[in-house]
Amino acid sequence: MKNEDVMNIAKKRGFLWSSFEIYSGVAGFFDYGPLGAILKNKIMNKWREFYLVGEGYYEIESPTIMPQEALKASGHVDHFNDPMTECKECLEVFRADHIIKEAIESEVEGLENQELTNILSNQQIRCPRCGGHLTHVWSYNLMFQTLIGAKGKKTGYMRPETAQGIFITFKRLLRFYRGKLPFGVVQLGKAYRNEISPRQGVIRLREFTQAEAEIFVDPGEKSHPRFKEIENHVLTLYPADIQEKEEKPLRLTAQEAVKGGVVSSEILTYQLCLADKFMGELGIPRDVIRFRQHLKTEMAHYAIDCWDVEIHTDRYGWIEVIGIADRADFDLKSHSEYSKEDLRVFLEYDQPTIVEKLVLKPDMKKFGPLFKGDAPRIMNVLKKTDPETIRNAFEKENSYNIEIEGENYQLTPDLLSFEEAEETVRGEKIYPHVIEPSYGIDRITYSVLLHCFQQDDDRNILHLPTDIAPVGVNVFPLVNKDDLILASEHIRDDLRAEGIIAELDTSGTIGRRYARSDEIGTPFAVTIDHQTLEDKTVTIRERDSQKQVRLPVVKIPSTINQLLMKKIEFSKLEARS
RNA sequence: GCGGCUGUAGUCUAGUCUGGUUAGGACUUGGGCCUUCCAAGCCUACGACCCGGGUUCAAAUCCCGGCAGCCGCACCA
């Protein structure tokens, strides 16, 4: 459907409102209204059904404010920081590093703003559009910065993604999973990016909700135990080379995608299928979903393979709603280096292997007195050096020099001896690779509204799947007579007691009530009429078919519940009655 | 961040150019009448000049600034 119609209805009926409206609003922020909040929660809960229940991944919740160090390690402090410059003449804004790179053809990544400013003036680089002078370089950081504590000495940022909370707590998680790969951890929550000029409604938000899973796997074992279950699942794949050739996307089964090397691994393909099934259960039609592989140029340097799940929209074209990446060992390695914590996993071999090894034996009686205070430092370096190198040096030059912080130390054969030793190696420590499906919940919610909405003549219908529709059932007295209203109230209360969100509407005529009910996507309506008072039966009306079935009042709550949970079909009820 | 266009009830809109009485209409919504199945009809009520400043006896209307939206540019690890 059309963006405009959907957004109008979303606004009118309480799904989505732009935030801070009475203060004229702030771009990039949206409120979920009463129905929107339920819908979003139901989508998130369905996600949990897939990943927590289905896959057995546990959920964690970490803070939305993160200290600078953590984001330094993740690369966000440096890479999320764009150096900008403005032309004083035509007022055009540019990325300073891009301009310089083009002008002098050398890499300037990682330079300070002052250095970039100096290069701009020294090299007399001018505005590429009008030749005007450029201003000093300033940083535009896409992270929201804040200060932690009363004295505000510690810099913090609103997290730009939920994933980092999982990587940072990896050691604890590994222990929780008793040290064995593979395992998955998920987090659902808010993330923040201070976009320069967000202008695409709920598609580009400054505060948005992510649902991310981090699946830690053995780098040598990227299969999936349940791949068999999905091997015939057909996906619409749009690989990088096909994009470059400007050809049409491929329709392949999961098995074909793996065998043909289209997707880099079984587990990644499994994740694509899972995402496809998820979108299907949200009522997104097949033909508006495709899986687009990142081009080499757009893929982060550490990623092995990355696929975006894209949904087609009339307004914004194909939009990314899910990113599924093989991030390799980048994050854990980086956090290991910055935090000095060992974030590796011990992988035990099937069979222990015995290796012949040269072992270095320093003669501490001579070593200590000779180097005195420096001895521990030298020992430290020696431990990291391959004994073979040292022995070779001794054979050639009868000495081996090491340099530590400018100081030079000479080691001679009398200080060290070598020994051949047998060592049993039971395994090795490795950084697991990370498979990351990352869902943009707001974009998905928007896509669901967009593609479930339908206009037939004058009738607006939101064809939401029954299990994510905000209101489960509406209860209507056919006409506003006291005894019918009273009976309706009882039925509504019975439905609520069953755990169903049920509403009573007595306003306007019956047709108007059905219309309102359809427009917010309520799958069923129960109508109370004169016959109800005589034989204790009511009708259930199905939103999509507009058909009605008459059932005894006592059966209503359980029947509606089963219909909503998709345990029975409405057409089966029809057949029975 | 830049430029152009725009901003009147929940929605669509008249009025703005050319300043002047109580800002008009339609739909929606609330209440009522009627009504025994899909936005019918009748009565009735609620509801708006984006915000701030300036000019003027007087500003929805003219001017300046801000905010927001749309379009184009730029940005989008």
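Helix H19 gives the most to the surface near RNA strand B, with seven residues; a residue is near the strand if one of its heavy atoms lies within 4 Å of it. Helices (H or I, at least four residues) and strands (E, at least two) are DSSP runs, numbered from the N terminus. The model is predicted: local features need pLDDT of at least 70, side-chain atom pairs count only at pLDDT 80 or more, and totals for chains, interfaces and linings use all residues. Residues are numbered from 1 along each chain as its sequence is written, and side-chain values use heavy atoms, with hydrogens and water left out.

H19 (510-519), S5 (81-86), S6 (93-95) and S27 (537-542) each supply at least two residues of this surface. Of the 40 residues around RNA strand B, Arg95, Arg193, Arg204, Arg512 and Arg516 come nearest. Sugar or phosphate accounts for 54% of the RNA atoms within 4 Å of the protein, and bases for the rest.

The table lists polar contacts, that is, pairs of N or O atoms within 3.5 Å; within protein, one must be able to donate a hydrogen and the other to accept it, and residues adjacent in sequence count only if both atoms are side-chain atoms.

| Side chain (N or O atom) | Atom of RNA strand B | Distance |
|---|---|---|
| Arginine 193 | Base nitrogen | 2.4 Å |
| Arginine 315 | Phosphate oxygen | 3.0 Å |
| Glutamate 519 | Base nitrogen | 3.3 Å |

Helix H12 (residues 266-281) is mostly covered, with twelve of its 16 residues buried (under 20% relative accessible area, 1.4 Å probe, protein chains only). Serine 265 caps the N-terminal end of H12, a side-chain oxygen lying 3.3 Å from the backbone nitrogen of leucine 268.

Note on methods. Chains are lettered from A and ligands numbered from 1 in the order in which they are written. The expected span of a helix is 1.5 Å times one less than its number of residues. Buried means under 20% relative accessible area, exposed over 50%, partly exposed in between (1.4 Å probe, protein chains only).
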